[in-house]
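Visitor: Hi, could you walk me through this one? I'd like to start with the inside.
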Amino acid sequence: MTTYSTTSSGNTIVDGPLSEQTYGRSILPAAAYTDPQEFAREQRMIFSAEWVWAGYTHWVGNEGDVHPVEVAGKPLLIVRDGEGNVNVFHNSCRHRGMVVTQEPIEVTQRIQCAYHCWSYNLDGSLAAAPYFNRERRGAPSPEARRKLGLLPVPSAVWAGMVFVNLSDAPTPFEDVIKPLAERWSHIDFDRLHLARERKFDLAVNWKLAVENFLDFYHLPFVHPQVGPVAASLDVDDVVIDSDVIVGGCYPRGAEGKAKKSEDALPFIGDVPAGKVASQDIFCVFPNALVFLEADWFQVIALSPAAADRTVEHMAVFVDESAADPRFAESVSSLCDVLFHVNEQDIPFLYKLQAGRASDGANHTTLLPSWDQITAMFQTAVAARMGYSK
Ligand code: FES
Ligand SMILES: [Fe+2]
């Protein structure tokens, strides 16, 4: 049971891991942000062990779209089949194990490996393997076709994103996402329209990107343009599931939206009056950072590449009716604002990473008044990695 306390300004702070302390110590050691061995261990203990963000559904918008990705260092293929389903496979030809493609491709019906021209149907099954038995017309037997298909990876689609689970016995994704899906049941994610997408290749550990996203304290200092100090500090801690989904809510962050002007963006679904002004900011553990308002949805998804390197896939979505040209200017200025905020953070991320080399890095402080959510994220990492307090 999550409990909260209330500040004098009326915001709620979760009584998290720091509540017994005046000045909390960082829960993760500095090496967790810098050490290649710890990075490799994380890839096993976290990114190969539970549901993780792997890509966007719009990367495979049409039947026959094939998009290679890497999760936990493992090459995967995201494929849209003829029924509109998104399937994920290990990107490894069942013959000699060549990756089937390293670039996004569009195929009409079959995905072909270039080495000996085996081809696979969009559901992964083996379609053809020329000269299979050295005969001119030699084709694999029905049994071989069944057995030699691309190996499937458990996957799930939610809110425009593709999640995969590389573990042996995945819990159903629906169970993991259910509490957040319920909180956001007023949003119709089938209506998402991609407004803008950009990749940021950053020399920073992925956890610093998460922690910065969950850090509401820095907003008035680093992003003064987002509003007056009082407004940017008016944020509540929210714990949806301490193990996987933590973040915050600006209950009045988008005030003014109720009075809609002509070119105001349409809401993504039937948003009740009580939720029109609220902004939700969550980390879906480990690597999907999501930000929702009534009329837009932002994702910063993290692909960790090394202890000190992370690729951010940032995308902003609006309602499909906002694709109408009359909203073009509003959509474009919204994206300008959101991408600018992300760019503003980059030099700070770099300096946070640089600071992890300091002898002081194991003596940093998490404040009970501000950093409970970060502490919960760190606790979630520590539990999986076996770091003791
Ligand atoms: S390795 Fe793919 S067909 Fe031989
Ligand atoms: Fe920021």
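Guide: We'll go through the cores, one histidine and a pair of helices. Keep in mind that this is a predicted model.

Visitor: How many residues does the largest nonpolar core have?
Guide: It has 105 residues. Those with the most contacts inside it are Tyr 56, Trp 158, Met 161, Leu 180, Trp 184 and Phe 297.

Visitor: Which helix gives the largest share of this core?
Guide: Helix α8, residues 372-385, with eight residues. The core also takes at least three residues from each of domain 1 (4-34 + 185-385) and domain 2 (51-157).

Visitor: And what is Leu 180 in contact with?
Guide: Setting aside neighbours within four places in sequence, Leu 180 contacts Trp 158, Ile 240, Ile 245, Phe 282 and Val 284. Another core, of 15 residues, lies apart from the largest one. Val 66, Cys 93, Val 100 and Val 107 are among its members.

Visitor: New topic. Where is His 186?
Guide: In the loop between α3 (173-183) and β14 (192-202).

Visitor: Is His 186 buried or exposed?
Guide: Buried, because its relative accessibility is 13% and the cut-off for buried is under 20%. Not counting residues up to four places away in sequence, His 186 touches Ile 268, Gly 269, Asp 270, Val 271, Pro 272 and Lys 275.

Visitor: Back to α8. At what angle do α4 and α8 pack?
Guide: About 150°, with the axes 9 Å apart. So α4 is roughly antiparallel to α8. Their crossing is right-handed.

Visitor: Which residues make the contact?
Guide: From α4, Trp 206, Lys 207, Val 210 and Glu 211. From α8, Thr 374, Phe 377, Gln 378 and Val 381.

Notes: Residues are numbered from 1 along each chain as its sequence is written. Chains are lettered from A and ligands numbered from 1 in the order in which they are written. This is a predicted model: local features need pLDDT of at least 70, side-chain atom pairs count only at pLDDT 80 or more; totals for chains, interfaces and linings use all residues. Side-chain values use heavy atoms; hydrogens and water are left out. A nonpolar core is a set of buried Ala, Val, Leu, Ile, Met, Phe, Trp, Tyr and Cys residues joined through side-chain atoms within 4.5 Å. Buried means under 20% relative accessible area, exposed over 50%, partly exposed in between (1.4 Å probe, protein chains only). Helices (H or I, at least four residues) and strands (E, at least two) are DSSP runs, numbered from the N terminus. Domain bounds come from an automatic or database domain assignment. Contact means heavy atoms within 4.5 Å. Axes are lines fitted to C-alpha atoms, for helices over the stretch in contact, and angles run from 0 to 180 degrees between N-to-C directions. Angles under 35 degrees count as roughly parallel, over 145 as roughly antiparallel, 65 to 115 as roughly perpendicular and the rest as oblique. A crossing is left-handed if the near helix is turned anticlockwise from the far one by less than a right angle, and right-handed if clockwise.
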